[in-house]
Amino acid sequence: QVQLEESGGGWVQVGGSLRLACTASGRTFRSYAMGWFRQAPGKERQFVGGINWSGDNTYMSDSVKGRFTCSVDNRINTVYLEMNNLKPEDTAVYYCGASMEGLLVGVDYWGKGTLVTVSS
């Protein structure tokens, strides 16, 4: 079993920055690839970015590439989503996910999500 807890959401102005954190726990969480997803009101959940626990393999969706980055701190079992130059269309609930088969294949565990609101 893997438990995921997100933090760091909130309100931010257009063009601003925010960093989300996802802390993992459980016996096997390091076996999973970690990723960030988001779901805006009335829309499907979409992939944002992913990273492995060694931190040497990251990939971001085209919609956020160049603005968002993923990182990991193994000392505290936490993955981060650094978001810069935020736009109103980035407003969504952001979820952390853990996947054994691949983040674009299926997510085995989800966090509860954290809301990010971007407005002027």
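Is Cys 70 buried or exposed? I find Cys 70 at 10% relative accessibility, so it counts as buried (buried means under 20% relative accessible area, exposed over 50%, partly exposed in between, with a 1.4 Å probe and protein chains only).

I note that this is a predicted model, in which local features need pLDDT of at least 70 and side-chain atom pairs count only at pLDDT 80 or more, while totals for chains, interfaces and linings use all residues. Residues are numbered from 1 along each chain as its sequence is written, and side-chain values use heavy atoms, with hydrogens and water left out.

I searched the whole structure for disulfides (cysteine sulfur atoms within 2.5 Å) and found one, which joins Cys 22 to Cys 96 with an S to S distance of 2.0 Å. The pair links distant parts of the chain, 74 residues apart, with Cys 22 in strand β3 and Cys 96 in strand β9 (strands are DSSP runs of E, at least two residues, numbered from the N terminus). The torsion about the S-S bond is about -75°, so I record the disulfide as left-handed. Both Cys 22 and Cys 96 are buried. The sulfur of Cys 70 has its closest cysteine sulfur in Cys 96, at 9.4 Å, which is too far for a bond.

I then turned to Leu 18, which lies in strand β3 (residues 18-25) and counts as buried at 16% relative accessibility. Leu 18 touches residues including Leu 81, Met 83 and Val 116 (contact means heavy atoms within 4.5 Å). Leu 18 and Val 116 are 98 residues apart in sequence, yet 8.7 Å apart in space, C-alpha to C-alpha.

Definitions and conventions. Helices (H or I, at least four residues) and strands (E, at least two) are DSSP runs, numbered from the N terminus. Lists of a residue's contacts leave out its neighbours within four places in sequence.
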